[in-house]
Amino acid sequence: MTRLHAIPRRPLLGGIVAFALFAIAAALYATGGLAERHIAMVMVINAVMVVGTQIFVGNTGILSFGHVGLAAIAAYITAILSTPVDIKSSTIGSAPFGLANVQLPVLLAILIAVVVTTIIAALIGLFMSRLNGIAASIVTFAVLVVVNSVLINWKDLTGGSEAFYGIQVKTTLPWALAALFATVLAARLFSASRAGLRARAVREDEVAAKSMGVSVNRSRYVSWVLSAVFVALGGALIAHLLGAVSPSEFYESLMFLQVAMLVLGGMFSVTGALLGTFIVTLLSEVLRYLGDGPTIAGFKLPMVVGLSSMAYGAIILLMMIWRPGGILADKEIDGLWDRLVARRRKAAPAPAGPMPTPAVAAATGPPPAVSTASAPSESPPPPSREPLLVVDSVTMLFAGLKAVDDASLEVYPGEILGLIGPNGAGKTTLLNMISGLYTCTSGSITLAGRQIAHLPSHEIARLGVGRTFQNTHLFRELTVRENVETAARVAQQYRPSVYRPTDELLAQFGLEEVSRRRAGTLPYGVQRQVEIARAVALGPDLLLLDEPAAGANEVESGHLIDSIRRIRDVEKCAILLIDHDLPFVLNLCERLYVLDAGRVIAEGTPQEIQDNQKVKEAYLGTRTSAGRSGRAGSSSAAELQS
Amino acid sequence: MNTVGQQLLNGLTLGSTYALMALGIAMVFSILHLANFAHGELLTICGYVMLGMRYTGAPWIVWVVAGIAASTVAALAMERLAFRPMRHANPVAMMVASLGLSILISYGFEAFISPRARAIPQPDWMNTTLMVLGLQIRIQYVLIIGVTALALLGTLLLLRRTVIGTAMRAAAEDFDAVRLMGIKANRVIATAFGLSGFLAGIAAVLIFAIRGSVSPHMGFALVLNGFIANVIGGLGNLWGAVLGGFIVGLLETGFRAFLPSSASGFTNGLLFLIVAIILVLRPEGLIAPKSAARV
Amino acid sequence: MGAEHHVATKGAEGPAAAGPSAPPLLSVDHLTTRYGPIEAVRDVSINVNEGEIVAVLGPNGAGKSTILASIMGLVHPAAGKVHFMGKDVTGFEPETMVRLGVGLVPEGRRLFKQLTVSDNLRLGAATRKDKAAAKNDLEAMFELFPVLKERRNQLAGLLSGGEAQQLAIARAMMTSPRLLCLDEPSLGLAPRLVDAVFELMRDLRARGYTILLVEQNALQVLEFVDRAYIIRTGRVQMDANADSLQDEKELLEAYLGVKE
C-alpha cells in the first residue's frame with residue numbers, strides 16, 4: 001500500500017473537495033428543521049455505504065448487490081452489543097452467548113461490528129474472488145438474501161422480523177460527516193494506490209493484467225474486503241441513528257436505493273457516488289411529496305405507494321440505456337479542475353508538444369543518462385552458453401486440433417529472435433504458452449532453468465517475462481501513466497533490482513506528453529508504443545513481442561527496428577518476436593525459427609532462412625505436379641478424408 | 001423410508017419449478033450474456049393475469065393459458081423495448097438495466113394492484129391424493145413434475161429439431177456465424193426471450209399450485225434461485241441450469257426436512273454454504289463450458 | 001434474387017459463357033476499410049465475373065480477410081462501393097448479403113462445434129424458401145462429400161481438419177450462393193488435404209459456381225484460378241491473369257516486398 005510520504009496529492013485533494021461540497025449541501029439542508037436534519041444525516045450515511053460499495057464496484061467493475069447485507073450484519077452486531085440490558089430482556093431475552101446481559105460502550109460496539117463484519121466478508125471473498133464478474137454479482141445477491149433470511153430466522157439473537165428497538169441514538173451529523181470523510185479519502189487513496197491500480201487494470205483487461213504480473217483473484221479480494229469495512233461502518237451508524245432496526249430495513253428497498261445512487265453518478269467514480277447519492281436523495285424527497293397525493297395548483301394528485309422506488313427503477317433502466325457509465329463515468333472532480341486550468345491556458349497559447357508518432361518516439365530515444373549504452377547498429381552481445389528460455393517438445397491441443405505440435409526452441413540472453421510462419425502456424429499460441437496464458441498439453445518450458453510450463457501467467461510475468469499482444473490489450477480507460485505504472489509497480493515489488501520509476505520509462509519512450517491521456521484515445525501507433533513501454537516496465541529478462549510492426553509502413557518499421565534494438569541494449573533482455581513483415585524481421589532478428597502447421601520447420605540466421613526451400617514452400621505453397629488436371633466428381637472430396 | 005421418499009418427491013417438485021426458471025434465464029444468458037433480473041417479474045405478471053382471470057369467472061385452465069401467454073408476451077416486450085436498445089452494451093450494464101426494469105414492474109404492481117399477497121385459488125382436484133408405493137402423493141406434485149418433464153422435453157425437441165432452435169444453440173456458440181447463414185439476429189434473440197417467457201409462465205403456474213398466492217415482490221427471491229442454479233450449473237449452459245435447479249430444490253427440501261426445527265429457518269444459509277463449497281471446487285460451475293477462449 | 005440452382009445439375013458447361021460486355025457479378029470499387037484505428041484496406045478495386053475463380057493473394061496482415069468482411073457486411077467500409085449483380089450492396093448486413101446470394105466460408109471455418117454435421121448443414125439452408133430444393137441440396141452435399149454423410153450425426157467439433165473444411169464449404173453451399181467466398185480454406189490443413197481443397201474448387205467451377213478465394217498459398221492457387229489480385233499492406237500490388245503471374249520471382253517481390 002502507499003507509504004505515508006508518498007500519498008498522492010491529487011486524489012487526496014480531489015477527495016477533500018468532493019467531500020466538502022457534499023458536506024456543505026448536507027449541512028445546509030440540515031438547517032431546515034428536525035425532519036430535514038434527519039434526512040440529511042440519512043443521506044450522509046447512505047453516502048458512507050455507497051462510497052464504501054464503490055470501493056469494490058469501481059475498482060473491480062463487478063456490481064455488488066450484497067453490501068447492504070454486510071451493513072445489516074454490522075447494524076445488528078452493534079445494536080445487540082450496545083443496547084441497554086433492560087431493553088434487550090424484552091427483545092432478545094434468550095440470546096445466545098449471554099449477549100442479553102452484555103452492554104458495551106457504543107464506540108466499542110461499533111468497532112467490534114466493523115471488525116466482525118469485515119471478517120465475515122473476508123470469508124465470503126475467499127471463494128467469490130475466483131468467480132467471473134456476473135457470477136460474482138449473483139453471489140453478492142445471494143449474500144443479501146441469505147443475511148436477510150438469517151436475521152429473520154435467528155430470533156433469539158436478533159428478535160426476528162420484529163423491530164429491534166432501543167438502540168442508543170448517538171449518531172450526529174458531525175460524526176456522520178467524519179465517517180464519510182474517512183470513507184471518501186480511503187476510496188480515493190485506495191484507487192490511486194498500487195492495490196487499487198491493479199484492481200482497475202484487471203477491470204479493464206484481465207488478460208493484460210495477468211500478463212503484467214497482477215493476480216486477478218487477489219486484487220479483487222483486497223477491494224472487496226476494504227469496501228466491507230466502510231459499508232459496515234455505515235450500517236452501524238444507521239443503527240445508532242434510527243434507534244431501531246429490522247431485517248426489512250436492509251433488504252431490497254435499501255439495495256435498490258443504493259444501486260440507483262451508485263449507478264446514477266457513475267460506478268467508477270467516488271465523486272460520482274457522492275453526486276448520485278445527493279441527486280437520488282433530492283429526487284426521493286420530491287417523489288415522496290408527490291406520492292403522498294399533494295394538491296398542486298388546485299389538482300389533487302393520487303397517492304402512489306412506492307413512487308420513489310419505481311422512479312429508482314426507471315432511473316437505473318434509462319441510465320443504462322442512455323449512458324451506462326453514469327453521469328460522471330469514471331471522472332473525478334480533479335478532472336474538472338484540469339479542464340478549468342486548461343481553459344485558462346488556452347487564453348494564453350502555450351507551446352503544445354507534438355503528438356509523438358512511433359518514428360518520433362523512437363528517434364527521441366532514451367534520456368541522456370542512459371544514452372551511452374546505445375548505438376543503433378551495435379552488434380549483439382555474444383550469446384552466453386546457457387539459454388535463457390528452453391521450450392522443449394511442447395504440444396498444444398485445442399479440442400482435437402494440434403495448434404502446436406512438438407515444437408522446441410531456445411532463446412539466449414540478449415539476442416533478438418524471430419518467429420515466423422504462415423497464418424495459423426501456431427506462433428501466437430506458442431507465445432501464449434510461454435507467457436502462461438495457455439498451459440501446454442505436453443512438453444516443458446524452462447526459464448533460467450526453472451520450470452514455468454504450469455505456472456499461471458501472473459507468476460511468469462513476475463519472473464521477468466513481459467509481452468505485447470497482436471490486438472492491443474491496453475487498459476483503455478486508464479491513462480498512459482497508469483498503464484505503465486501497473487507493470488512498474490510489479491517490478492518494484494517482485495524484482496526491485498530492475499525497477500525503474502514510471503517517469504523515466506515514459507521519458508524513454510517519448511510518452512510524457514500523453515501520459516495523462518487515456519490509453520484508448522490515442523492513435524494506433526502510439527498505443528503500440530505504450531504497450532511496449534508497459535512490458536518493458538516489468539524489467540523483463542525476456543520480452544515477447546507479438547506483431548510489433550503490424551500496420552506500420554516502411555518508414556515506421558525502420559524506426560521500430562532501431563527502437564527494438566535500443567530496448568535490447570538498454571534493458572539487456574532477450575527479445576522473441578513474431579511478425580509477418582518479412583523485410584522487418586529479416587533485418588532485425590539475429591536468429592529465426594520458422595513455424596508451419598504447429599511444427600518448427602527451420603531455424604537459422606536470416607540469410608539461411610531466406611535461402612531455405614522449405615520456408616519458401618511454407619509461405620507460398622508448393623506447385624502441384626504439372627500433370628494434374630481437374631478431376632470431376634467426388635474423388636477430390638474423397639481426398640479430403642483423413 | 002416413507003419420509004425420505006416423501007422428501008425426495010418434495011425436492012423433485014420444488015426442483016422442477018426452479019429448473020424451469022433457471023432454464024428460462026439460461027436461454028437468454030447463453031446468447032446475450034444477459035443475467036435478466038426481470039425474469040422474476042415474468043412470473044408475477046403471469047400471476048396477476050391469472051388473478052385477473054379469476055374475476056371473469058372463467059375456468060382455471062383459461063387462467064393458465066392467459067397467464068402463460070401474458071408472460072410470453074411480456075418477455076417479448078422486454079426484449080423489444082428495454083434490451084434491444086442495449087444490444088451491444090456490456091453484460092454488467094445489461095444486468096443493471098434488468099434490475100431497473102424489475103424494480104419498475106414490481107413496485108408498479110405494488111402501487112397499482114396491491115401490496116399484499118392475493119390468492120390464486122387452485123382447482124379442487126389438485127388436492128386429491130394418490131397412494132403410490134406407500135407414499136401419499138398429492139396430484140399437484142405429479143402435475144408439477146409431469147409438466148416440467150414435458151416442458152423440458154419440449155424444449156429439448158425445439159432446440160434439436162427445429163431450425164430456430166438449432167439457430168439458438170448455434171448463436172450461443174458463435175453469434176456472427178449464425179448471421180452468415182442469413183438468419184436474422186433479431187429473430188433469434190426474440191425467440192430466445194419468447195421461449196424464456198413461456199417457460200417462466202409454466203414455472204409460475206406450477207409455483208402458484210404450491211404457493212396459492214401472488215405478491216408484487218415474490219419475483220425477487222425467486223429469480224435469485226434461478227441465478228444460483230445457473231451459477232452452480234455453469235453460466236450459459238442450458239442443461240447445467242436445469243441440473244442446478246434440481247440440486248437447489250433438493251437441497252432446500254432436504255435441509256428443511258432433516259434439520260432440527262430450531263435451525264430450519266437457516267436453510268438459505270446452509271444452501272449458500274453448499275453453493276460456496278461447489279464454487280470453491282469448481283468456479284466455472286458443474287458443467288463447465290467447453291470452448292477454450294482464444295487470446 | 002439468390003437463384004436456387006441445384007448443385008449437381010449444372011453439368012459440364014465449364015465457366016459460364018458470359019461475354020466480355022456482361023457486367024461483373026461482384027464489383028468492389030475503391031474500397032477503404034478501417035479495423036479499429038488501422039486502415040486495413042486502402043483503395044482496393046476487385047471484380048469477379050460469373051463462372052470465374054478469382055483469387056486474392058497476399059501475406060498475412062495484408063487485408064485480404066478485411067476485403068471479404070467488407071463485402072459480407074461484417075464490417076462497414078469507410079469509403080468505396082460494393083456492387084453485387086448490379087445492385088449497390090455497400091454496407092448491407094450479413095444476413096441480407098447471404099439472402100442475396102453471397103456465401104462465405106469464414107476464416108477458421110467457424111463451425112458450430114456443439115451441433116451435429118447435419119445441424120450445421122441445415123442451418124445453411126435455414127433461410128431458403130424452397131424447402132424441397134434445400135432437401136435435394138442436402139442430399140447432393142452428402143453425395144459430394146461422402147464422409148459428411150458418414151458422420152452426419154457426429155458433433156462438428158470432433159471432425160478432423162480436412163473433414164471440418166468440407167463441412168464449412170458444404171454449409172456455405174447450402175445457402176445456395178451465386179458467389180461463394182472462401183477465406184483461407186487451406187489454413188491448418190496438411191499439404192495433401194490442401195491439394196484436395198483446391199481440387200474441389202476446380203470441381204465447383206466446372207459445376208458453374210463463381211468463386212472468390214482468399215489465400216496465402218499463392219503458387220498452388222495460381223495453377224487453377226482464372227485471375228488473381230495480389231494484396232500487400234492493404235493495397236492491390238498486382239492484378240492479372242493467373243498465367244502471367246506464375247513467374248515466381250515477380251510474385252515473391254510483390255508478395256513479400258523482398259528482393260531476392
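## A hairpin in chain B

In this predicted model, Val132(B) stands opposite Leu135(B), a residue of strand β3(B). The two strands concerned, β2 (residues 129-132) and β3 (residues 135-138) of chain B, pair in the antiparallel sense over four bridges. Together β2(B) and β3(B) form a hairpin with two residues between them. In that turn, Leu133(B) has a positive phi of about 50 degrees.

## Chain B as a whole

Chain B contains 11 helices and four strands. Its radius of gyration is 19 Å, close to the 19 Å that the globule rule gives for 295 residues, so chain B is as compact as a globular protein of that length. Along the principal axes, the C-alpha trace of chain B spans about 55 × 50 × 35 Å.

Of the 295 residues in chain B, 51% are buried. Among contacts in chain B between residues at least 6 apart in sequence, 78% join residues at least 24 apart.

## The contact between chains B and C

Chain C contributes 19 residues to this contact and chain B contributes 15 residues. On the side of chain C that touches chain B, α2 (94-100) and α3 (117-124) of chain C each supply at least two residues. By class, that side of chain C has nine nonpolar, six charged and four polar residues.

## A helix in chain A

Helix α12 of chain A covers residues 252-265, which is 14 residues. From first C-alpha to last, α12(A) reaches 20 Å, close to the 20 Å expected at 1.5 Å a residue. The helix α12(A) is mostly covered, with 13 of its 14 residues buried. Just after α12(A), Gly266(A) takes a positive phi of about 130 degrees.

Note on methods:
Residues are numbered from 1 along each chain as its sequence is written. Chains are lettered from A and ligands numbered from 1 in the order in which they are written. This is a predicted model: local features need pLDDT of at least 70, side-chain atom pairs count only at pLDDT 80 or more; totals for chains, interfaces and linings use all residues. Two residues are in contact if their C-beta atoms, placed from the backbone, lie within 7 Å. Ala, Val, Leu, Ile, Met, Phe, Trp, Tyr, Cys and Pro count as nonpolar, Asp, Glu, Lys and Arg as charged, and the others, Gly among them, as polar. Two strands pair if DSSP finds at least two bridges between them. The expected span of a helix is 1.5 Å times one less than its number of residues. A residue is buried if 20 or more other C-beta atoms lie within 10 Å of its own, exposed if 12 or fewer, and partly exposed in between; C-beta atoms are placed from the backbone. The radius of gyration is taken over C-alpha atoms; the globule rule is 2.2 Å times the number of residues to the power 0.38.
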